[in-house]
Structure formats: C-alpha cells, structure tokens
Amino acid sequence: MPVPDEFPESLLQRALLDRDALFDARHEAAFRLFNGFSEGGDRAATLIIDLYGTTLLLHNYADPPKDGHALVSTAWRFLHARLPWIEAAVLKSRYGATPGERNGTLLFGTSATRKIREHGVWYAIDLSMNRDASFYLDTRGLRRWALHHLGGKSVLNTFAYTGSLGVAARAGGAARVVHLDKSRQFLNVAKTSYTLNGFAIDKQDFQVGDFWPQVNQLKRGGAGFDCVFLDPPFFSATAKGVVDLTENSSRLINKVRPLVNDGGCLVAINNALYLSGAEYMKTLESLCEGGYLEIEGLIPVPADFTGNAAWRITDPAPFNHSTKMAMLRVRRK
C-alpha cells in the first residue's frame, strides 16, 4: 500500500511514535529513526535518519544534493525541537561532490557520538569515517544471536569492517574471535570496542589483508572455527579476487566452508539490492544439495530499519529486507 503524500513533519511524528519503545533513558542506543524509502511518500523519499546515542545522522539521497536541502532542514528543525537532548547532527550526502560531503559533515554541535550501547554491549563508532556509519543497524538481530549462542565457541569474522559481529560474539563469551579485514583503520575501531568492554586485545586476532589470501593461509594452517561470519560488500575487486554478491555468492560460501568445524555454523549475509530473496534461497538450496550444508534459519532485519511500509526494488521474501541473513549448519566428511 503506498505511503500517503503527507508533509514531512507528519511522517516524522509517526516515525517517532512507531519507535518510541527503542528510546533509552541514557540516550545510548542506535536505531533507524526514519526510512524515507519506505515511509517518506513523495515528499521525503530521499531522506533517511538514524540515531546514534545523542547524535542524529541524516542521509540525503537527493541527486543533486541541493534538491534535498530544504527537506533536511525541515527534518532537523522538527526533530531538534522534539528531542532536545540531541547534542550533534551529521549530514551525509550520497551524491555529494567531495569525499567530505559523502562521508559526513557536522550540521550541529561540536562532535558526534563516539560510542553506542546495544544489548548491554558497547560499540565504538566513527560516523564520518566512511560513506556509511561504521556500524550496521540492519544486523542488530544477528548481534543478539551472537551474544546468546556463541559462548565458549571459536569465531571467524570475515570482512569484519569495524568488528561489531565479532564484538557481540566476544561479549557473549566466545573463546576466541578472529577478525579479518583489509583495512587497519576499520579494525582499529573494533579494538576500541574491545577496550570499551574491557576485553583483552590479542593482535593475532585482528588480521589485516585481502580476504582471499587470508582465508587460504588459515586453511593451510589447519584452522577451524565453530562459527564463521561471512558479511562481504556486495561488490569488490582486488588483484586477488572478486566479490560479487549478485552473480556469485556461492563462491564465497564455498571458500569459507572448509574453515567451519563439523556441526558448526556459517552465517551468510547477502545485501545485494537487486538480488531477490527467492534467487538467493535458490543459491543456498543448491549448495545444500550435497548434504554438507543445511539452512537452519533466517535472521530478520529490525522493523525500525525496514520502516512501516513495504518498499522494495526486488521481492526479499522469504527474507524481510534486501539484507538477507541465513544460518547454515555445516557437516564435514
């Protein structure tokens, strides 16, 4: 059902009411406050607003960005009046002319929030480090799962980025978590999360390098893990290999499967917007035909992130969003 074409203030008021239970007294939480794609109708479709602690993060998807400036200004004035405890606001312009515009500029306040707390766990964030926010709000349910199911387990967090999935596993009592990412800057954020939670840092567990040779090295060393997180970007190409979640996600799953212990879990995430849920399920089912993988369950994206209306480019069913998360049980020969 289409969203009514209402003034942005009315839409934002509805969004605040829908998410009332997510606000916390200490203002430490993080969630999607407004999803213009699904809640914005014609007037606010180019605006997404996230809350990180006491900082509002506004994403302007208008092209050119100036077409969205009035909407951003209206939204900021409205929310600042209703959330007087907000200390900063950051604007990211998806189609900005400079890296600074795309990564984020401060609209209000002196500095953005540097940490948030979710399910009792602290996570370091850097809202202007990258085009995204350094912390993915759509995988909240997966972090909760890691917190409650990986106690005593060994975990490999590939494409770790700033390490949130591994941090959740460590907070849940995982015996060991190895983070792999090609960016030392991103892994340093993960280390800060460890420090915030009082976890010891073993430099060997934060490995910088290209995914393909990193995984090969682990295989040669006979490494095995009870759980492997596979959360790659939808497309990436290096001299060592190509990641393409639309065309060949099965290659990545087969690449890491030998690193999962018998009976262990491989968490496969595919965020390709133009890949339907049915297509992805077909890929997973094909991989399961040999009997060494089994689809154990799907992890939904939180309702605040998807918004209160059905917006989609491709049908995500049986998933509830284009971020498609599947739990695969591994059997070894």
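Gly-291 sits in the loop that runs between helix H10 (277-288) and strand S15 (293-299); helices (H or I, at least four residues) and strands (E, at least two) are DSSP runs, numbered from the N terminus. The model is predicted, so local features need pLDDT of at least 70 and side-chain atom pairs count only at pLDDT 80 or more, while totals for chains, interfaces and linings use all residues. Residues are numbered from 1 along each chain as its sequence is written, and side-chain values use heavy atoms, with hydrogens and water left out.

**Gly-291**

- Gly-291 counts as partly exposed because its relative accessibility is 47% (buried means under 20% relative accessible area, exposed over 50%, partly exposed in between, with a 1.4 Å probe and protein chains only).
- From C-alpha to C-alpha, Gly-291 and Arg-331 are 7.5 Å apart in space, and they are 40 residues apart in sequence.

**Helices H9 and H10**

- The axes of helix H9 (residues 249-256) and H10 come within 10 Å and cross at roughly 40°; axes are lines fitted to C-alpha atoms, for helices over the stretch in contact, and angles run from 0 to 180 degrees between N-to-C directions.
- Ser-249, Ser-250, Ile-253 and Asn-254 of H9 meet Tyr-280, Thr-283, Leu-284 and Leu-287 of H10, where contact means heavy atoms within 4.5 Å.
- The residues of this contact of H9 with H10 divide into four nonpolar, four polar and no charged (Ala, Val, Leu, Ile, Met, Phe, Trp, Tyr, Cys and Pro count as nonpolar, Asp, Glu, Lys and Arg as charged, and the others, Gly among them, as polar).

**Cavities and a pocket**

- On a 1 Å grid over the protein atoms alone, a cavity is a set of points where a 1.4 Å probe fits but cannot get out, and a pocket is an open set with protein on both sides within 12 Å along at least five of seven lines; lining residues have an atom within 4 Å of a point.
- Three cavities of 30 Å³ or more are counted; grid points are joined across faces, edges and corners, and a volume is the space filled by probe spheres set on the points.
- The largest cavity holds about 110 Å³ of space, and of the 13 residues that line it, Tyr-136, Ala-160, Ser-164, Leu-165 and Asp-231 are the closest to its centre.
- The second largest cavity has about 50 Å³ of space, and its lining includes Ser-249, Ile-253 and Tyr-280.
- H9 and strand S14 (260-270) are the elements that give two or more residues to the lining of the second largest cavity, which has eight nonpolar, two polar and no charged residues.
- The second largest pocket has a volume of about 160 Å³, and its lining has four nonpolar, one polar and five charged residues.
- Among the residues lining the second largest pocket are Asp-24, Arg-117, Glu-118, Arg-140 and Arg-144.

**Backbone exceptions**

- Most residues other than glycine have a negative phi, and most peptide bonds are trans.
- The peptide bond from Asp-63 to Pro-64 is cis, with omega near 5°, and Pro-64 is in the loop between strand S3 (55-60) and helix H3 (69-82).
- The bond from Ala-317 to Pro-318 is also cis, with omega near 10°.
- Ser-134 has a positive phi, near 75°, and is buried because its relative accessible area is 1%.
- Phe-159 has a positive phi, near 45°, and is buried, with a relative accessible area of 17%.
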